[in-house]
Amino acid sequence: MKARLPGRSGDRGQALPEFALLAPVLFLMLFAVIQFGFTLGGYIGMSNAARETARYAATVPTATSAQVLTELTARQLPKAILGFRPGNVVLGAGGSTIAYCGAANPNNNAGYPSYAIRVRVIAVYRHPLLIPLVGGIVDALDGSTDNALTSRVVEEMRVENPRLTSTGSLPSC
């Protein structure tokens, strides 16, 4: 029978199987945090881009919806989203749109009617899922399995214009 050396225990190598059991879970959590960090950073950038686009539309009252949409997709979103991909901007029905509408001002009364024009910027972008395992788990959270998380941001601002006595042909907000 072998004699044990002093200070040595019989559980040598126990940490390796424990680490092997926990490592996949820890790495999955780490990569999920990294993926959601990229996505959240993109969402914050998208929000800033929509706000800057609404500010542009509010200060240029002669801008058309097409010009403002070009401002959003060609200038603001590429500056705001790290790794921007033009093909990931969702356009058309349910996508990025610019809309003008008319609304009564809070101080509106019958004797002194006052209306304002508002611009609403809706930006929709599909943030790519960069980490495959995490992407496979969270891909369907937005309702589609396209290896991207779709985010939607809405910003609305009052267009700077002189006092209006009616909204004209604009729809109401």
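I take buried to mean under 20% relative accessible area. The model is predicted, and my entries follow by topic.

I looked up Gln 35 first. Gln 35 lies in helix H1, and with a relative accessible area of 1% it falls under the 20% limit, so I list Gln 35 as buried. I then asked which residues Gln 35 touches, not counting those up to four places away in sequence. I found Pro 128, Leu 129, Leu 130, Ile 131 and Val 134.

Ser 96 came next. I found Ser 96 in the loop between H2 and E1, and I list Ser 96 as buried because its relative accessible area is 2%. Leaving out residues up to four places away in sequence, I noted that Ser 96 touches Leu 69, Leu 72, Val 89, Val 90, Leu 91, Ile 122, Ala 123 and Val 124. I also noted 8.0 Å between the C-alpha atoms of Ser 96 and Tyr 125, which are 29 residues apart along the chain.

**Entry: strand pairing**

I traced strand E1 (residues 97-104) against strand E2 (residues 115-128) and found them antiparallel, joined by eight bridges. In this pairing I checked Ala 103, whose bridge partner in E2 is Ala 116. E2 and E3 also run antiparallel, with eleven bridges joining them. Here I picked out Arg 120, whose bridge partner in E3 is Glu 156.

**Entry: salt bridges**

How many salt bridges does a search of the whole structure find? I noted five. One of them pairs Arg 118 with Glu 156, with 3.9 Å between the closest N and O atoms. Arg 118 is in strand E2 and Glu 156 in strand E3, so this pair ties together parts 38 residues apart in sequence. I list Arg 118 as partly exposed at 29% relative accessibility, and Glu 156 as partly exposed at 31%.

Glu 156 also meets the side chain of Arg 120 in a salt bridge, at 2.5 Å from N to O. That pair, again between E2 and E3, ties together parts 36 residues apart in sequence. Arg 120 is partly exposed at 32% relative accessibility.

I then looked at Asp 146 and Arg 126, whose side chains meet in a salt bridge at 3.1 Å, N to O. Asp 146 sits in the loop between H3 and E3 and Arg 126 in strand E2, so the pair ties together parts 20 residues apart in sequence. Both are partly exposed, Asp 146 with a relative accessible area of 27% and Arg 126 with 22%. I recorded one network, in which salt bridges that share partners join Arg 118, Arg 120 and Glu 156.

**Entry: nonpolar cores**

I went through the largest nonpolar core, which has 20 residues; Met 46, Leu 77, Tyr 100, Val 119 and Val 121 touch the most other members. The elements giving two or more residues to this core are H1, helix H2 (65-80), E1 and E2. H1 supplies the largest share, five residues. Apart from this core I found another, of six residues, including Leu 129, Ile 131, Val 138 and Leu 149.

**Entry: surface and loop**

I noted a nonpolar surface patch formed by Phe 19, Phe 27, Leu 30, Phe 31, Ile 34, Phe 38, Leu 82 and Leu 130, with about 830 Å² of accessible area together. From it I looked up Phe 38, found in helix H1 and partly exposed, with a relative accessible area of 45%.

Last, I checked Asn 147, in the loop between helix H3 (132-138) and strand E3 (148-158). Its phi is near 60°, a positive value in a residue other than glycine. Asn 147 counts as partly exposed at 44% relative accessibility.

Technical notes: Residues are numbered from 1 along each chain as its sequence is written. This is a predicted model: local features need pLDDT of at least 70, side-chain atom pairs count only at pLDDT 80 or more; totals for chains, interfaces and linings use all residues. Side-chain values use heavy atoms; hydrogens and water are left out. Helices (H or I, at least four residues) and strands (E, at least two) are DSSP runs, numbered from the N terminus. Buried means under 20% relative accessible area, exposed over 50%, partly exposed in between (1.4 Å probe, protein chains only). Patches are made of residues with over 30% relative accessible area and no salt bridge: like charges are joined within 9 Å, nonpolar side chains (Val, Leu, Ile, Met, Phe, Trp, Tyr) within 5 Å. Accessible areas come from the Shrake-Rupley method with a 1.4 Å probe; for residues, only the protein chains shown count as cover. A salt bridge is a side-chain nitrogen of Lys or Arg within 4 Å of a carboxyl oxygen of Asp or Glu. Two strands pair if DSSP finds at least two bridges between them. A nonpolar core is a set of buried Ala, Val, Leu, Ile, Met, Phe, Trp, Tyr and Cys residues joined through side-chain atoms within 4.5 Å. Contact means heavy atoms within 4.5 Å.
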